[in-house]
Amino acid sequence: MESKDFAEHTLMHRMNMQLVSLSPSECIIRMPVEGNRQRAGFLHGGASAALVETAGSFAANEHAQSIATDTPLAAVGVELSIQHVSSAADGFVTATATGVQLGRTRCVHRVDVKNEDGEIISTALISNQIIKARA
């Protein structure tokens with residue numbers, strides 16, 4: 001899935017995120033720095049947080065769907081903690097969400113955002129609550 005595959009009204013589309021791979025235990029999404037910078041010319045911390053939230057939430061929703069037996073389930077974000085440890089000025093950054101705890105009512109993913117050289121830009125934990133999906 002590329003950014004053009006995200007609905008035009010979504011943040012993912014506007015930030016040009018691209019879904020690389022998706023499973024309940026791992027989600028990889030990449031995003032260009034261009035168009036997502038702050039005033040000093042580096043990747044905006046809020047852009048990193050949106051990328052992290054997207055990767056963690058996508059994986060959590062895959063997990064929720066995988067455990068649903070008779071009732072459709074969904075994952076909703078309840079907590080995000082992110083540490084910005086470096087900066088990126090160009091190219092792409094890639095977020096990899098890895099399942100830490102995949103339960104029936106809550107799941108936690110660790111998400112690392114790296115630059116094209118594989119250096120960590122940000123690292124985060126995201127928690128999602130598993131709920132009944134709205135009809």
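Which residue in β5 does Thr94 stand opposite? Thr94 faces Lys114 of β5. The model is a predicted one, in which local features need pLDDT of at least 70 and side-chain atom pairs count only at pLDDT 80 or more, while totals for chains, interfaces and linings use all residues. Residues are numbered from 1 along each chain as its sequence is written, and side-chain values use heavy atoms, with hydrogens and water left out.

Strand β4 (residues 92–102) and β5 run antiparallel and are joined by 8 bridges; strands are DSSP runs (E, at least two residues) numbered from the N terminus, and two of them pair if DSSP finds at least two bridges between them. A hairpin through 3 residues connects β4 to β5.

Glu116 belongs to the loop between β5 (106–114) and β6 (120–132). Glu116 counts as exposed because its relative accessibility is 57%, the cut-offs being under 20% for buried, over 50% for exposed and in between for partly exposed (1.4 Å probe, protein chains only).

Elsewhere, Ser23 sits in the loop between β1 (18–22) and β2 (26–32). With a relative accessible area of 25%, Ser23 is partly exposed. Its C-alpha atom is separated by 9.5 Å from that of Ser66, 43 residues apart along the chain.

Terms used. Helices (H or I, at least four residues) and strands (E, at least two) are DSSP runs, numbered from the N terminus.
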